[in-house]
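Student: Hi! Could we go through this model together?
Tutor: Happy to, here it is.

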Amino acid sequence: MRSPQSRPLRELLQTDDFTRRHIGPSEAEQAEMLAALNVTTLDQLTESTLPESIRFGGELNVGGPVTEAQALADLKAAAQKNRVFRSYIGMGYHGTLTPNVVLRNMLENPGWYTAYTPYQAEISQGRLEMLLNFQQTVMDLTGMPVSNASLLDEATAAAEAMTLAKRQAKSKGNVFYVADDVHPQTLDVVRTRAEYFGYEVVTGAANGELPEGTFAALVQSPGTHGDLHDLSPVAERVHAGQGALIVATDLLACALVTPPGEQGADIVIGSAQRFGVPMGFGGPHAAFLACRSEYQRSMPGRVIGVSKDGRGKTALRMAMQTREQHIRREKATSNICTAQALLANMAAAYAVYHGPEGIRTIAERVHRLTGILAKGLADGGYPLNETFFDTLSFKADVAFIQKRAEARGINFRYEGAGYLPDRIGISLDETTTLQDVADILQVITGQQVDVLALDADAVGGIPAELGRTSEYLTHPVFNTHHSEHAMLRYLKALENKDYSLVHGMIPLGSCTMKLNATAEMIPVTWPEFGGLHPFAPADQTEGYAQMLGELEAWLADITGYDAVSLQPNSGAQGEYAGLLAIRKYHESRNEAHRSVCLIPASAHGTNPASAAMLGMQVVVVKTDESGNIDLNDLRAKAEAHSANLGALMITYPSTHGVYEEHVTEVCEVIHAHGGQVYLDGANMNAMVGLAKPGLIGSDVSHLNLHKTFAIPHGGGGPGMGPIGVKAHLAPFLPNHEVRPVSESRTGAVSAAPYGSASILPISYLYIRLLGPAGLKKATQVALLNANYIARQLGGAYPVLYTGRHERVAHECILDIRPLKQASGITEEDIAKRLMDYGFHAPTMSFPVPGTLMIEPTESEPKAELDRFVEAMLEIRREIQEVQDGLLKAEDSPLRHAPHTQDDLMAEEWNRAYSRETAAFPTRAQRTWKYWPAVNRVDNVYGDRNFVCACPPVEEYAEA
């Protein structure tokens, strides 16, 4: 027997045990895979793959590794430094009660949060249905005919509405009018966005006269101070000038107040946060944008539509994908390419669970308690706004009341842009009780008040002419699942239709669908993180400050930058913020004319879209036959535009999945001509611990925390896109007018100072649990898995691009074009057939049309990689049957894929292949079978017959 002393104590402490849990292949499997690549160690693989000029030879200076138990205990101790007061601050952020059935079975359920954006509709019908419910909820409550499936936050939704209005309104003017009682954070983001579009932002009274040349007006109702506005006169004035009326509204208020769509609004925006989504120190939350039908093909964001599948059954899909703005590249006015799907699903589930009567009851309770509070304050001598739904504002001795309120654990609104220093704002919400109202009155008046007695004389704040009379949420889905059993089973039924990481590998290139560890997810629902208002006083948020400060320092070290902003709440927002810093930097040097942005032809569409949004002239740089930046073309264009060169945007490793050898030279060329280098961090999973963008020569990068740093994709959001910058750009990082985070004069890019702060603990724990060595090893195994896949499949499918020693980075591109030419089988056919084998498809036709891009990540075990290889080789055999003339392409299982239970249950089977071949092509499916919910969806039908509302319940039954 081995002596207890024979094993090192460090090994017994298991401080690095998380690395073993996170990384898929065991040490023995790694050795086997390395041998297949003709190397013996991960370091040898790294040396044969990465250019020597970019390698980082040191050790990262980050926390960890520690055990899961220790990491959670330490973070809990930090979280407890946050003081969660009763919040009545409002400003678009409200307390809410997440139904426990939704909390446990959606927010905390990996079957929902590990799914990807529903580009593969056949295996996404569950969350597509719930997102359609979200759209229907928004349409019903706002009174608008069309809604998208969510945006990032209310402030950016307002900015998106502004550019939508400019595209659609007939007015040729350049003035954007903003009512002076719009939330200040919204105005901050709108001003930031308007600057480089050249719009003039003018503020004034909601019912004021519009300046000449107004192309749109933004009005908030209820306003930030609580006032309700009759929108019809405003709409008449705006429309008289051929402009568009944008209304920011509150969904709960719309249950009682005449909706904006019935008062002449052209676009309606807002946040669905108070529909069951915690405040979370600012996010993530699902914003919405609804509009007139005439605007729908220009509407930003994703839209879920109703179509048919191959058997004629109702099927859902993302509609009109080609109208997504980022696909328009440099012609875009929006770079949106994501959403807040998980949070939109929660808000929709909230509406489904409560139904119209439940929503109305909650709204009436909030309004009734606000009326009682108004009566008590009026009796105490405080003059108030005459109209209201849930918010009151009044003059008072702020210093005196704030001291008493905080002693009772209460936060009111005392400050903020657009607010006088001697005013207090109070917003009630779903969580408010009679005792809370009594406590508020005691704090303000100094008297104990009988709130029940006040109720007898209290009056409402909604004028009769603004009371809602129209119905809402009439579809059966909102009137069926009101018991917990019914709701539980509905959520499970939807979950069962979808493919997520709980089922198997999602090998989407450029998406990094890695493990979202359970330990990382646990703090998201801690009340110390979820229950804080983003504008709570700093002395109540010290736990967040500690965690955010450490995370910023770690990300700066990992990237080689000097400063980090955590405000951008998506990768596209990070791109925007990074280019914004570059533009502000040039302006500070009296070089505002430096507005040319060089972008490789292979770049993701958000790159040129982001540049266009900042008024930059996009100049495309060629790529060579190997997929690398054409250095000669780069030099020529940098020279030609030297006087006006602002930036180069590159992705590293490239979007072609290789480490370009000359990246440092590329950076030197740009700097020599006065430009700055933006390095897109979408592929950071191939760099952590091995290379640092800031040491390569880049000036700024965004990081996709929902890729590299383990935040789950949520079925299409949330995400986070913080940016790292070199020291000279640090003064130009985004600030925030309501809660400044620095001395920067750059405006906000997101509604909250730290974006979607409540999901940042996920990335914090990911880094701390892995520690320096674990982070490096995770990257090395990501390279190993990708190169193993490329080696195993390279004989059957050409690997389009490779770097040194025929290596790829963390992903590889398989060229399907020769097979398509020889057989007629397309990349889409292969993608759909993979569903029959129990897989989500790789990325189709990006960055090269007619290809599949595969990224296995470090988290997938060898057995799963081998299962995928087996599936792809079997599919190659099926293609060969078509090539050999044994089957026509239109008769092959690839063309009819995916196959459903309906196919197998059909009485007649007239296919040229067996039912077994259709649904059970390998032995693996006999052990476990994932069934697509519908057959191949007809995209053309869906676009020609655009419907974005819930279909009749009979059609669901048929499906």
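Student: Leaving aside its neighbours within four places in sequence, which residues is Lys707 in contact with?
Tutor: Lys707 is in contact with Ser510, Cys511, Thr512, Lys514, Ala682 and His713, where contact means heavy atoms within 4.5 Å. Keep in mind that this is a predicted model, in which local features need pLDDT of at least 70 and side-chain atom pairs count only at pLDDT 80 or more, while totals for chains, interfaces and linings use all residues. Residues are numbered from 1 along each chain as its sequence is written, and side-chain values use heavy atoms, with hydrogens and water left out.

Student: What feature does UniProt place at Lys707?
Tutor: The unreviewed UniProt entry places "modified residue: N6-(pyridoxal phosphate)lysine" there. UniProt positions are given in the numbering used here, feature names are shortened, and annotations may be inferred rather than shown by experiment.

Student: And where does Lys707 lie, and is it buried or exposed?
Tutor: Lys707 lies in the loop between β19 (700-702) and β20 (723-725). Helices (H or I, at least four residues) and strands (E, at least two) are DSSP runs, numbered from the N terminus. Lys707 counts as buried, at 11% relative accessibility; buried means under 20% relative accessible area, exposed over 50%, and partly exposed in between, with a 1.4 Å probe and protein chains only.

Student: Switching topic: how many residues of strand β8 are buried?
Tutor: Five of the five, residues 287-291, so β8 is largely enclosed by the rest of the structure. Ala287, Leu289 and Cys291 point one way, while Phe288 and Ala290 point the other way. In a regular strand the side chains alternate between the two faces of the sheet.

Student: Which strands pair with β8?
Tutor: Strand β2 (residues 146-147) pairs with β8 in the antiparallel sense over two bridges, and strand β7 (residues 267-271) runs antiparallel to β8 with five bridges joining them. Pairing requires that DSSP finds at least two bridges between two strands. Ser147 has Ala290 as its bridge partner, and Gly270 stands opposite Phe288.

Student: What about helix α23, which of its residues are buried?
Tutor: In α23 (residues 663-672), the buried ones are Val663, Thr664, Val666, Cys667, Val669 and Ile670. They pack against β15 (596-600), α22 (631-640), β17 (645-651), β18 (676-680) and α24 (693-696). Gly674 follows α23 and has a positive phi, near 85°.

Student: Now rings! How many aromatic pairs are there?
Tutor: The count is 21 aromatic pairs, taking rings of Phe, Tyr and Trp (its six-membered ring) with centres within 6.5 Å; planes under 30 degrees apart count as stacked, over 60 as edge-to-face and the rest as tilted. The Phe920 and Trp931 rings have centres 5.9 Å apart and planes at 85°, so that pair is edge-to-face. Ring pairs also link Phe281, Trp526, Phe529, Tyr544 and Tyr754 into a cluster.

Student: Are Phe920 and Trp931 buried, exposed or partly exposed?
Tutor: Phe920 is partly exposed, with a relative accessible area of 24%, and Trp931 is partly exposed too, at 23%.

Student: Last one: how many helices and strands does the protein have?
Tutor: The protein has 34 helices and 23 strands. Its radius of gyration, taken over C-alpha atoms, is 28 Å, close to the 30 Å that the globule rule (2.2 Å times the number of residues to the power 0.38) gives for 959 residues, so the protein is as compact as a globular protein of that length.
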